[in-house]
Structure formats: C-alpha cells, structure tokens
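Open the model in your viewer and keep the selection tool at hand. The stops below are meant to be taken in order.

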Amino acid sequence: AQLAGAPARLNRVFMAKPGTYDVYIMAKERLADKAPKNTAVKAGLLKTSVTVPDLATEFTTSSILVADKVNILTAPLTMDEARERPFAFGTQELEPAADMDFSKAEELSIFFQVYNPGLNASGKPDLTLEYAFHRKEGAEEKFFNKTNPQALNAQTLPPQFDFAAGHQLQSGQGVPLASFPEGDY
C-alpha cells in the first residue's frame, strides 16, 4: 500500500532493440465501483526518453543497481512473472534503494551484469573485479578504501556456466558501512 506523501515506484521490463525511445507513462485515479458515470478522473502523463545500448559486441557493464534488500526466492521466476518483477535474477530478488543516503548501520549492496567479456578455450570468462571507494571532498575525490578483488573465471563460476546457452554474468558486493566516516562517496 502506498503511504500518503511517499513517492510511488513503478518497476517494469520492456524489451527493445538498441536505440533511443520515448516512453509514456500514464497514471490515473481509480474510481470507486459505484461512482457516477460522469465522474471526472484525475490523470497524469509522464514522457521520458530511454536509450537502450547495443550490448551485442561491446565489453561493458550494466548500470549499477543499489539495493536496500536482497530476497531469496524458492525458484526462478517464469518469463511472465519476470516482466512484473524486473529485479529478480535467478533465485535472488533485489529491492532497489529509494535513495543514496545510508546510515553507518546499513550495508551498501550493489549488483550489476557484465556483457561480452573475452572467453577462454573452455568458453569461460577470466575477469578480476575491483571495488574502490573514493570520498568526495569539494571538487576532488580522495581514495578511502577498497574491497578484496573478485574473480569470475572457470574456477569460481558453476561448471555448467555457458554464455552460448544464454547464461548471464552478474556480480555484486555487500559492504558494511560501519567503518565509513559520514560523507559523500
């Protein structure tokens, strides 16, 4: 249920070829079941532009998704369910963070996908992912700390992992913020 004054969120998936698209989102007030026929309906329209990158050949990552919570699912979603729940990946479902303000008691949880890494002879990638945190001090950024690198390769991925079969390469990190001084990073 939406709380009065709280921002509304709409999470949906659409598939599109690379390019720039205009997206129209219309919201209208739901009328009571027995409302008179000529009752005026409040409605609003949002138009925004979305650019879908060409991920077929470039080695890159998705946008970084910051999550407030990660829920474990009992089974992966069906295609129809996944359209309604775009932040489910395998048996994990992320709840995107409403904002980028965190307390020292929270954990920063990030998630992203990797597209088109080079593959070795066995069809597996060989990547090292590094996470570094820089504190904003005026117009400058100063190194604060980093986490241990993550390896995504034949030894760390499941044996059945296969890009040719459509498997996706995804990664993320959860970082407790207790040791971070207050500030912008």
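A pocket here is an open set of grid points where a 1.4 Å probe fits, with protein on both sides within 12 Å along at least five of seven lines. Its volume is the space filled by probe spheres set on those points. The model is predicted.

**Stop 1: the second largest pocket**

Select Phe102, Leu108, Phe133, Phe180 and Tyr185. Of the 27 residues lining the second largest pocket, these are the closest to its centre. The space in this pocket comes to about 800 Å³. Colour the lining by class: 15 residues are nonpolar, five are polar and seven are charged. Now show strand 7 and strand 9 (132-137), each of which supplies at least two residues of that lining. Strand 9 gives the most, with four residues.

**Stop 2: the hairpin of strands 9 and 10**

To see one of the pairs, pick lysine 136, whose bridge partner in strand 10 is glutamate 141. Then go to the turn. Two residues separate the strands of this hairpin, and glycine 138 in the turn has a positive phi of about 65 degrees.

**Stop 3**

Select 107-115, which is strand 7. How much of strand 7 is buried? Seven of its nine residues are, so the strand is mostly covered, buried meaning under 20% relative accessible area.

Next, bring up the neighbouring strands one at a time:

- Strand 12 (169-176) is antiparallel to strand 7 and joined to it by eight bridges. Leucine 108 has valine 175 as its bridge partner in strand 12.
- Strand 4 pairs with strand 7 in the antiparallel sense over three bridges. Here leucine 65 stands opposite phenylalanine 111.
- Strand 3 also pairs antiparallel with strand 7, over two bridges. Threonine 61 has valine 114 as its partner in strand 7.

At the end of strand 12, click on proline 176, a residue of that strand. Proline 176 counts as exposed because its relative accessibility is 51% and the cut-off is over 50%. Its C-alpha atom is separated by 4.2 Å from that of glutamate 107, 69 residues away along the chain. Apart from neighbours within four places in sequence, proline 176 is in contact with Glu106 and Glu107.

Now move to asparagine 116, in the loop between strand 7 and strand 8. Check its backbone: phi is positive, about 60 degrees, although this residue is not a glycine. Most residues other than glycine have a negative phi. Asparagine 116 counts as partly exposed, at 29% relative accessibility.

**Stop 4: the nonpolar cores**

Select Leu108, Leu152 and Leu169. In the largest nonpolar core, which has 17 residues, these have the most contacts inside it. Strand 7, strand 8 (127-129) and strand 12 each supply at least two residues of this core. The largest share, four residues, comes from strand 7.

A second, separate core has five residues, among them Ala67, Phe89, Leu94 and Phe111.

Which residues touch leucine 152, apart from its neighbours within four places in sequence? They are Pro125, Asp126, Leu127, Leu129, Leu157, Leu169, Gln170 and Ser171.

**Stop 5: strands 4, 5 and 6**

Show strand 4 (residues 65-72) with strand 6 (residues 92-96); this antiparallel pair has five bridges. Lysine 69 stands opposite glutamate 95 in strand 6. Strands 5 and 6 form a hairpin with two residues between them. Glycine 90, in the turn, has a positive phi of about 65 degrees.

**Stop 6: serine 63**

Finish at serine 63, in the loop between strand 3 (60-61) and strand 4. Is serine 63 buried or exposed? Serine 63 is exposed, with a relative accessible area of 64%. Not counting residues up to four places away in sequence, serine 63 touches Phe111 and Phe112. For a distance across the model, draw a line from serine 63 to glutamine 155: the two are 92 residues apart in sequence and 26 Å apart in space, C-alpha to C-alpha.

Methods:
Residues numbered from 1 in each chain as written. Predicted model: local features only at pLDDT ≥ 70, side-chain atom pairs only at ≥ 80, totals over all residues. Heavy atoms only, no water. Core = buried A, V, L, I, M, F, W, Y, C linked by side-chain atoms within 4.5 Å. Buried < 20%, exposed > 50% of the residue type's maximum accessible area, 1.4 Å probe, protein only. Contact = heavy atoms within 4.5 Å. Pairing = 2+ DSSP bridges. 1 Å grid on protein atoms, 1.4 Å probe; cavity = no way out; pocket = protein on both sides within 12 Å on 5 of 7 lines; lining within 4 Å. Nonpolar A, V, L, I, M, F, W, Y, C, P; charged D, E, K, R; others polar.
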